[in-house]
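Work through the exercises below with the structure open beside the text. Each task is followed by a solution in steps.

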Amino acid sequence: MKMFNLNDERTRWAVFFSIFLSGALIIGLNTYSFGLFVKPLENEFGWTREQISLGYSVSFISSLIAPIIGKFVDIKGTKIFLVGSLFLIAFGFILRPLMTNLNHWIILNSMVFAGYPGTLLLASGILMQVWFPKSRGRMVALATSGHNAGGLVIPLITLIVIFYSSWKFAYVFFGVMLLLVAIFSLFFVKDSPQKEYRNKEKDIQKEGINFNDAIRTKKFIFLTLGITFAMFTYNGVMPQMAPHLETEGLSLTAATIAMSYIGAMGILSKLFFGRLSEKYSSIIMTCISVLLQSIGLSVILLSFGNIIGIWMGVVIFGIGFGGLGALISLNITECFGLKSLGSIFGTLSFLGIWASVSAPWMMGRIFDETSSYRNAHLIVIAIFILGIFFLLLTRYVNKKNYLLS
């Protein structure tokens, strides 16, 4: 239909807003606001924290199907998987009021995480670099800052909706919002610019090395371990951060504000790290991001209930956490180029499947046994340090910086 036939300059911004809004809604609800649904689900179904955490443990589904999605993205393009995944995630939220047992909770969470590769993992990493080749570090950062914008506003909206209505209506409300983004993406998103437009800007889709050559390198192994350990923050720390801050001494309102701050700070952090990744190594920037998160978590634990100390830890953690989401796909581009990014990213995610399963289970199990997340966060800090070590090894053995070339 001609009415939807935008020129390339307008299409690139339609691509941007699609990625920005989908990230804001998905991460804002499923990561930043996850903890706000814990008590309502406990009251509704009588589930334990460990049982509720099982809903996040199925995040391994993302890693399981990521290699398949990544391979087909390299062949068929990104749009079809972006749109299909948005519909899948939307219904994964909309159907939650119909739950009657724990199996339904696990299945619907599986639907949501099955949509992650086509939306959060690959869309931003590929589409933004293809449509904004000259400023891909900044634009990947800006697009993925939608995750943090969602963290800024979605928890507050969720808290208000749950308070004045119910947890059921909150899931339906945000699910419908995702349906609208899916429809928008169906009509306005394209996989790449027209040929004549690409001739004006460097076609970076052809740069890099083949998938089979990439996975045989030492840097692929080191990068996989480094990113997997860094990703513990998504699967373990953030979903339980709000209740963790409550157990450490913050009120529910203060914990919600803290989550919103982490979201707001993440926007600035992504832009900061994204811009620097165009001048310096994105891998080094990732190490700094993970280090700041480790320091922030440590300060919270060492505060022992001191409110000022807890807020200092939240501030430091927020600065580091925000930059990570923008840097992961840039790390892969730095090491291997964009030629097989989908396949490489998918395989890397699959090899990190053990973290997706163990992180939320560990957090829930330790809380049920100790009524605290302190021991779990000590383990996460040690894991972050290991992640930094392997990322530095990756940088050491990397001979070609495709992102900067």
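**Exercise 1. Cysteines**

How many disulfides does the structure hold?

Solution. The model is a predicted one.
Step 1. A disulfide is a covalent bond between the sulfur atoms of two cysteines.
Step 2. Take Cys287: its closest cysteine sulfur belongs to Cys335 and lies 11 Å away, too far for a bond.
Step 3. Cys335 is in no disulfide either, with the sulfur of Cys287 as its nearest, at 11 Å.
Step 4. The count for the structure is zero.

Next, decide whether Cys287 and Cys335 are buried or exposed.

Solution. 
Step 1. The cut-off needed is that buried means under 20% relative accessible area.
Step 2. Cys287 has 7% relative accessibility, so Cys287 counts as buried.
Step 3. Cys335 has a relative accessible area of 0%, so Cys335 is buried.

**Exercise 2. Enclosed space**

Find the number of cavities of 30 Å³ or more, then describe the largest cavity.

Solution. 
Step 1. Rolling a probe the size of a water molecule over the atoms shows where empty space is left.
Step 2. The volume of the largest cavity is about 490 Å³.
Step 3. This cavity is lined by 28 residues, and those closest to its centre are Tyr116, Leu121, Met231, Tyr234 and Ile328.
Step 4. Sorted by class, the lining of the largest cavity has 13 nonpolar residues, 15 polar and no charged.

**Exercise 3. The largest pocket**

State the volume of the largest pocket and say which elements line it.

Solution. 
Step 1. The largest pocket holds about 260 Å³ of space.
Step 2. Its lining has 14 residues, of which Gly35, Leu36, Lys39, Pro40 and Leu252 are the closest to the centre.
Step 3. The elements that give two or more residues to this lining are α2 (38–45), α9 (136–164) and α15 (241–248).
Step 4. The largest share, four residues, comes from α15.
Step 5. The classes in the lining of the largest pocket are nine nonpolar, two polar and three charged.

**Exercise 4. The nonpolar core**

Which residues of the largest nonpolar core touch the most other members?

Solution. 
Step 1. In soluble globular proteins, nonpolar side chains tend to be buried together.
Step 2. The largest nonpolar core has 121 residues, and Trp105, Tyr116, Met128, Met241, Leu245 and Ile262 touch the most other members.
Step 3. Helix α18 (residues 307–336) gives the largest share of this core, eleven residues.
Step 4. Leaving out residues up to four places away in sequence, Met241 touches Met259, Ile262, Leu297 and Phe317.

How values were computed: Residues are numbered from 1 along each chain as its sequence is written. This is a predicted model: local features need pLDDT of at least 70, side-chain atom pairs count only at pLDDT 80 or more; totals for chains, interfaces and linings use all residues. Side-chain values use heavy atoms; hydrogens and water are left out. On a 1 Å grid over the protein atoms alone, a cavity is a set of points where a 1.4 Å probe fits but cannot get out, and a pocket is an open set with protein on both sides within 12 Å along at least five of seven lines; lining residues have an atom within 4 Å of a point. Grid points are joined across faces, edges and corners, and a volume is the space filled by probe spheres set on the points. Ala, Val, Leu, Ile, Met, Phe, Trp, Tyr, Cys and Pro count as nonpolar, Asp, Glu, Lys and Arg as charged, and the others, Gly among them, as polar. A disulfide is a pair of cysteine sulfur atoms within 2.5 Å. Buried means under 20% relative accessible area, exposed over 50%, partly exposed in between (1.4 Å probe, protein chains only). A nonpolar core is a set of buried Ala, Val, Leu, Ile, Met, Phe, Trp, Tyr and Cys residues joined through side-chain atoms within 4.5 Å. Contact means heavy atoms within 4.5 Å.
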